[in-house]
Each structure stands twice: as C-alpha cells, then as structure tokens.
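Reader: I am new to this structure. Can you show me how to read it?

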Amino acid sequence: MAANYNNSAWFYDRLSRVVYGKALVNAQVYLLKQVPANSKVLIVGGGTGWILEELSMIHSSGLHITYVEIAEHMMALSKKRNITDNKVTFINDAVENVALPADFDVVITPFLFDNFTEQTLGKVFTHIQSLLKKDGLWLNTDFQLTGKWWQQVLLKTMFLFFKILCGIEASKLPAIEKRFAEAGYQVVDRKTFFGDFIVSEAYKK
Ligand SMILES: C[S@@+](CC[C@H](N)C(=O)[O-])C[C@H]1O[C@@H](n2cnc3c(N)ncnc32)[C@H](O)[C@@H]1O
C-alpha cells in the first residue's frame, strides 16, 4: 500500500517545524528559483500545499500547475492555499494511477520517495519520469544518510511513527540518488540542509 498521510494532515506541518525548524521548507524553497516563468509544473506529494504559496510568491501568474496528492485531508488543506493568478489542477490520487500528458517542464517531488520500498520507488519514479519533457527539470528534496549517528535515529523514529499512524510501507530509505543517476540525470544544482540530513537536488538529462 502506498503511503497515505491522511491521519497526520492536521498536525504534519506543526510537527515537522518542531523537529526540523524551517529546514524542510528552506530545502524545498531553495529549488523553486529554478522554475521558469509560464511553465507547466507537476507537484507530487505536496502535503498541506504550502509549496503552492511559496511558488506563487515567485511567479504570481502564468504557471500551470498539476498538484497530485493521495491523502484527501492533505488535499483539502492544499485547496485553500493562495495561488494568486496561477492555474492549479488538483488530483486526489496516487500519481502512478494518473494518466497525464507527458509535457511537464518541471516536476517537483518533495519528501515523496522516502516513503517507498525500492519496488514502489521504481514504479513511481518511472511513471513520473515519463511525464517530464525531454529537457525538463526535476526538483527533488529528501532525506539522505551521510554517516552521522543521529540521522539513523531520527529516520528510524520517523519510519516507526508514520508506519503506525499512516501505514507507510518503508522501513529504510530507498536509494533515491541512485535512481536518478541510473536514469541518466545530471545534478544541475544541489544544497544540503539540517546537518546534511536533507538534500535538495535539481536534475536534468
Ligand atoms: C512525507 S509527506 C511530505 C509532504 C510535503 N511535501 C512536505 O514536505 O511537507 C509525503 C506526501 O506524499 C503523499 N503521497 C505519498 N504517496 C503518494 C503517491 N503515490 N502519489 C501522490 N502523493 C503521495 C502523502 O500523502 C504525503 O502528503
């Protein structure tokens, strides 16, 4: 079963701020400067949707955003966001089940893949990849392990917490960067946050 964050929707942002301060937000916002004006953007697993407001602060109009989120409670919160004059299509489903035109300029996957087993990651990755234009940009932010003991402790705690509450399937971090490398993507921008535990990467082929 895919990870569904319904049960955590009402406190997810507050809890993440308590644990990570603004790091989760800063890491995602860092990449948004890469989004070209008037582009067609796919956001997958945007949670409560605050990223829509951050993006609209950079481009107040001209964006065509498709926002795919599996958890209906997350979606309900996302729909209340101020998107200024941008156009957003909200789709409440698992992204791998949604047939979309393969013409996105930018794809954004913020803390989406950490939920998945290698098998689900493979399936979801392949599907999202097929939706991105040939010279499109993929903005990915997620956790990574760089050998610091506390990273493992935090990660295990999160997996346990979200397994009990939201039924997430993963109990270890899948090899996310490896997927991008194997699929032939190059890193065009990269920055780490929160003692290297969080990595934001912009990829192109
Ligand atoms: C760890 S949360 C991150 C939320 C948000 N990006 C943030 O940083 O605050 C992952 C989100 O992805 C959603 N999600 C998980 N699997 C999904 C899928 N297959 N398709 C679409 N959304 C999915 C979950 O419901 C959840 O809201």
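Reader: Which residue is the bridge partner of T141 in strand 7?

Author: This is a predicted model. In strand 7, T141 has S200 as its bridge partner.

Reader: How many bridges link strand 5 and strand 7, and in which sense do they pair?

Author: There are 6 bridges between strand 5 and strand 7 (residues 198-204), and the pairing is antiparallel.

Reader: Is strand 5 largely enclosed or open?

Author: Count neighbours. A residue is buried if 20 or more other C-beta atoms lie within 10 Å of its own. In strand 5 (residues 132-143), 9 of the 12 residues are buried, so the rest of the structure largely encloses this strand.

Reader: Where are the nonpolar residues packed, and which have the most contacts in the largest core?

Author: In soluble globular proteins, nonpolar side chains tend to be buried together. Here the largest nonpolar core has 43 residues, and V41, L42, I43, V107 and I128 have the most contacts inside it. Several elements give two or more residues to this core, among them strand 1 (40-44), helix 3 (50-58), strand 4 and strand 5. Helix 5 gives the most, with 5 residues.

Reader: Which residues is V107 in contact with, beyond its neighbours within four places in sequence?

Author: Those contacts of V107 are L42, I128, L131, L132, G136 and W138. There is also a second, separate core of 7 residues, including L24, F143, I198 and V199.

Reader: Which residues come nearest the ligand?

Author: Around the ligand there are 22 residues, and Y5, G45, G47, A71 and P110 come nearest. Sort the shell by class: 15 residues are nonpolar, 5 are polar and 2 are charged.

Reader: How far apart are N97 and H127 in sequence and in space?

Author: Compare both scales. In sequence, N97 and H127 are 30 residues apart; in space, they are 9.0 Å apart, C-alpha to C-alpha.

Terms used: Residues numbered from 1 in each chain as written. Predicted model: local features only at pLDDT ≥ 70, side-chain atom pairs only at ≥ 80, totals over all residues. Helix = DSSP H or I, 4+ residues; strand = E, 2+ residues; numbered from the N terminus. Pairing = 2+ DSSP bridges. Near = placed C-beta within 6 Å. Nonpolar A, V, L, I, M, F, W, Y, C, P; charged D, E, K, R; others polar. Core = buried A, V, L, I, M, F, W, Y, C linked by C-beta atoms within 7 Å. Contact = placed C-beta atoms within 7 Å.
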